[in-house]
Amino acid sequence: MFLQTIAKEAGVVSSAYVVAFFVTFELLMPVQALFFPEFPSRASLLFLPHGVRVLSAWLLGWRSILALLPGVFLVFLYVAGTGAFVPSRLAAIAIAVSVPTVIFFVLRLAGWDLHPQVGKNPRWVWIMIAGLIISVVTSFLTNWVFDSSLEDYFAYLIGDFFGLFFLLLLLLLGLRHFERVRAP
Amino acid sequence: MTELSKLTELRKLLQDMEQSLGLQELSTVEKDVYYAASDVAVAPGPVKTTALLDHRLVADVSRPTFFRALKSLVQKGYLVHSENSARGYYFVKSPER
């Protein structure tokens with residue numbers, strides 16, 4: 001039963017991560033290149049997968065590590081091929097899947113428990129703030145592993161922030177459309 | 001936490017965003033009709049359309065606009081047709097929050 005739940009969560013979350021990645025890099029990046037042709041970084045300024053990472057960590061807690069792992073690994077495999085197995089990329093995968101839930105845990109230890117609870121209304125601004133903290137830590141660690149430029153660091157931050165915001169907005173509009181279609 | 005409650009939490013989060021950004025689901029007329037229905041409704045009974053039409057909140061709303069808003073509120077699940085009463089009766093449903 002527990003394994004079934006883990007497998008189901010991994011299926012949903014990893015699929016969402018892979019879809020978000022392809023939307024970001026196959027649809028949004030060409031648009032970004034049109035509007036910001038002088039922007040030299042290869043980082044996306046609207047990185048939707050960050051939203052998937054944050055929301056899954058918020059909803060699933062530590063289980064998000066297992067849920068995200070297949071999706072994040074597949075994306076690295078697609079981008080780098082067998083290069084996904086080099087230590088720096090394996091470290092980046094570990095950072096990408098673990099930092100979100102660790103940050104939510106640390107925030108709880110610090111007295112700011114954002115995890116969903118029955119009878120408590122979540123605030124999207126709080127999730128955005130948590131997403132920003134996750135982004136700062138993830139960007140810092142990833143850039144340290146890859147020895148990237150300062151420009152990349154800020155590009156990651158901007159991309160993560162807008163990625164989370166637009167993913168929430170897309171979910172909101174998608175849910176509204178689904179409810180309208182479903183209504184008798 | 002069950003799968004359903006996770007979806008509920010996500011929905012609550014999106015509703016909070018919707019309200020903060022002013023992207024509420026209901027138009028001004030829909031809100032007026034809904035508030036009028038909530039005002040007229042005597043729980044657990046249904047609300048009659050003619051009673052809604054007499055409410056001062058919708059006094060300035062034209063008939064076609066009123067009925068469009070009514071239909072939209074039913075589609076969005078804010079009002080539900082009363083199956084046990086004659087036509088023109090609706091139950092008011094509280095939006096989840």
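Predicted model: local features only at pLDDT ≥ 70, side-chain atom pairs only at ≥ 80, totals over all residues.
Two residues are said to be in contact here when their C-beta atoms, placed from the backbone, lie within 7 Å. In chain B, residues 24 or more positions apart account for 48% of the contacts with a separation of 6 or more.

Of the 97 residues in chain B, 25% are buried. Several of these sit in helix α2 (residues 28-40) of chain B, where B:V29, B:E30, B:D32, B:V33, B:Y34, B:A36 and B:A37 are buried. What lies over them? The cover for the buried residues of α2(B) includes β1 (47-48), α3 (49-53), α4 (63-75), β2 (79-81) and β3 (89-92) of chain B.

Is B:R63 buried or exposed? A residue counts as exposed if 12 or fewer other C-beta atoms lie within 10 Å of its own; B:R63 has 8, so it is exposed. Its C-alpha atom is 15 Å from that of B:T28, a residue 35 places away along the chain.

Moving on to chain A, two of its helices pair up. The axes of α3(A) (residues 63-80) and α4(A) (residues 87-109) come within 9 Å and cross at roughly 145 degrees, and the crossing is right-handed. From α3(A), the contact draws on A:S64, A:I65, A:L68, A:L69, A:V72, A:F73, A:F76 and A:A80, while α4(A) brings A:R89, A:I93, A:A96, A:V97, A:S98, A:P100 and A:T101. Sorted by class, the residues of this contact are eleven nonpolar, three polar and one charged.

Next comes helix α5 of chain A. Its 23 residues, at 1.5 Å a residue, should span 33 Å; the end C-alpha atoms are 32 Å apart, which agrees. The buried residues of α5(A) are A:W124, A:I127, A:A130, A:G131, A:I134, A:S135, A:T138 and A:S139. Why does A:S139 count as buried? The cut-off is 20 or more other C-beta atoms within 10 Å, and A:S139 has 24 such neighbours, so it counts as buried. Setting aside residues within four places in sequence, A:S139 touches A:Y153, A:Y156 and A:L157.

After α5(A) comes A:D147, which has a positive phi, near 55 degrees. A:S148 is in the loop between α5 and α6 of chain A. With 17 other C-beta atoms within 10 Å, A:S148 is partly exposed. Beyond its neighbours within four places in sequence, A:S148 is in contact with A:N143 and A:Y153.

What about the nonpolar cores? The largest has 43 residues, and those with the most contacts inside it are A:V13, A:Y17, A:A20, A:V52, A:V54, A:W58 and A:L168. The elements giving two or more residues to this core are α1 (2-35), α2 (48-60), α3, α4, α5 and α6 of chain A, along with α1 (3-20) of chain B. Which of them gives the most? That is α2(A), with eight residues. As for A:V52, its contacts outside four places in sequence are A:V13, A:A16, A:Y17, A:A20 and A:L167. A second, separate core has 15 residues, including B:V29, B:Y34, B:A36 and B:V92.

Finally, there is the place where the chains meet. Here 15 residues of chain A are in contact with 17 residues of chain B. On the chain A side, the elements that give two or more residues are α5 (124-146) and α6 (150-182), and α6(A) gives the most, with six residues. By class, this side of chain A has eleven nonpolar, one polar and three charged residues.

Notes:
Residues numbered from 1 in each chain as written. Chains lettered and ligands numbered in written order. Axes fitted to C-alpha atoms, helices over the stretch in contact; angles between N-to-C directions. Helix = DSSP H or I, 4+ residues; strand = E, 2+ residues; numbered from the N terminus. Left-handed = near helix turned anticlockwise from the far one by under 90°. Nonpolar A, V, L, I, M, F, W, Y, C, P; charged D, E, K, R; others polar. Core = buried A, V, L, I, M, F, W, Y, C linked by C-beta atoms within 7 Å. Expected span 1.5 Å × (residues − 1).
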